[in-house]
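The sequence and structure come first, then the description.

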Amino acid sequence: MTNISQKITNIEKKIIHAAQQSDRNSDEIQLLAVSKTKPVALIKEAYQAGLRHFGENYVQESIEKIQQIKLDADFEQAIFWYFIGPLQSNKTRPVAENFDWVQSVERLKIAQRLNDQRPEHLPKLNVCLQVNISGEQSKSGTTLLQVLELASQVNNLPHLTLRGIMAIPEKTDDQLRLEKQFNELHDIYLRLQQLYPQVDTLSMGMSGDLEKAIACGSTMVRIGTDIFGSRS
């Protein structure tokens with residue numbers, strides 16, 4: 001068993017344990033491997049260990065990896081690619097053409113461009129709205145007050161499918177503060193589900209706060225360091 005394979009096993013055990021502690025089914029929680037800055041060789045190890053969902057932050061780097069993997073016969077089954085980083089309007093086309101998901105939609109202009117640039121022969125692009133739950137100036141994302149309006153606008157775009165919300169809570173040792181932010185995200189997620197039946201994704205929780213995120217209703221955890229090691 002490779003080092004990455006063992007790390008994935010450990011994370012999956014963490015997810016199962018956290019789900020059990022919250023009386024949840026671990027099958028409801030998707031592990032998204034954050035492969036940004038990591039070479040194809042490490043993605044291949046994670047793939048061989050069973051992972052099929054990968055998250056990328058940087059457009060040019062990710063497109064090069066996606067194209068390389070398409071030509072690699074060792075990748076026999078489909079990989080689902082998620083763009084999870086800040087997205088500038090002048091870089092939406094390659095994302096619309098190559099990704100299955102975009103989890104970082106924070107304004108209508110980006111959503112409109114992704115919709116207009118999605119190739120007709122591809123399935124609809126799955127999108128999550130990124131929420132700046134902590135209100136930090138350094139973070140991307142729409143506000144809680146604007147989520148419902150943005151959701152309504154995105155839901156009307158014919159080449160996109162609104163799937164849920166994503167957030168990066170602030171780094172804090174205050175567990176009550178963190179829990180409050182997670183619970184606020186879960187509340188808005190439930191409101192979106194009432195309005196849009198296809199909404200099924202609450203993407204929150206990373207290596208350091210996986211357990212609390214799952215306790216607060218996360219359906220997808222984004223794990224990078226604990227799979228691939230420190231960022232390059």
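A pocket is here an open set of points on a 1 Å grid over the protein atoms alone, with protein on both sides within 12 Å along at least five of seven lines. Its volume is the space filled by probe spheres set on the points. The model is predicted.

**Second largest pocket**

The second largest pocket has a volume of about 240 Å³. Its lining consists of 16 residues, and those closest to the centre are Ile66, Lys70, Ile79, Trp81 and Asn98. Two helices, α3 (59-70) and α4 (92-98), each supply at least two lining residues. The greatest contribution comes from α3, with three residues. Sorted by class, the lining holds nine nonpolar, five charged and two polar residues.

**Helix α5**

Helix α4 also takes part in the packing of α5, where it is one of the elements against which the buried residues of α5 pack. In helix α5 (residues 108-117), the buried residues are Ile110, Ala111, Leu114, Asn115 and Gln117. Besides α4, their packing partners are β4 (101-105), β5 (125-131), α6 (144-155) and β6 (160-167).

Ser104 is in strand β4, one of the elements that the buried residues of α5 pack against. Arg24, by contrast, is placed in the loop between α1 (3-21) and β1 (30-34).

Is Arg24 buried or exposed? Its relative accessible area is 18%, so Arg24 is buried, the cut-off being under 20%. Ser104 has a relative accessibility of 4% and therefore counts as buried.

The side chains of both residues have polar atoms placed by backbone oxygens, as listed below.

| Side chain | Backbone oxygen of | Distance |
|---|---|---|
| Arg24 | Ile214 | 2.8 Å |
| Arg24 | Ser218 | 2.8 Å |
| Ser104 | Gly85 | 2.5 Å |

Which residues does Arg24 contact, leaving aside its neighbours within four places in sequence? They are Ala19, Ile29, Ile214, Gly217, Ser218 and Thr219.

For Ser104, not counting residues up to four places away in sequence, the residues touched are Phe83, Ile84, Gly85, Cys128, Gln130 and Met166.

How values were computed
Residues numbered from 1 in each chain as written. Predicted model: local features only at pLDDT ≥ 70, side-chain atom pairs only at ≥ 80, totals over all residues. Heavy atoms only, no water. 1 Å grid on protein atoms, 1.4 Å probe; cavity = no way out; pocket = protein on both sides within 12 Å on 5 of 7 lines; lining within 4 Å. Helix = DSSP H or I, 4+ residues; strand = E, 2+ residues; numbered from the N terminus. Nonpolar A, V, L, I, M, F, W, Y, C, P; charged D, E, K, R; others polar. Buried < 20%, exposed > 50% of the residue type's maximum accessible area, 1.4 Å probe, protein only. Contact = heavy atoms within 4.5 Å. Polar contact = N/O pair within 3.5 Å; in protein donor to acceptor, adjacent residues only side chain to side chain.
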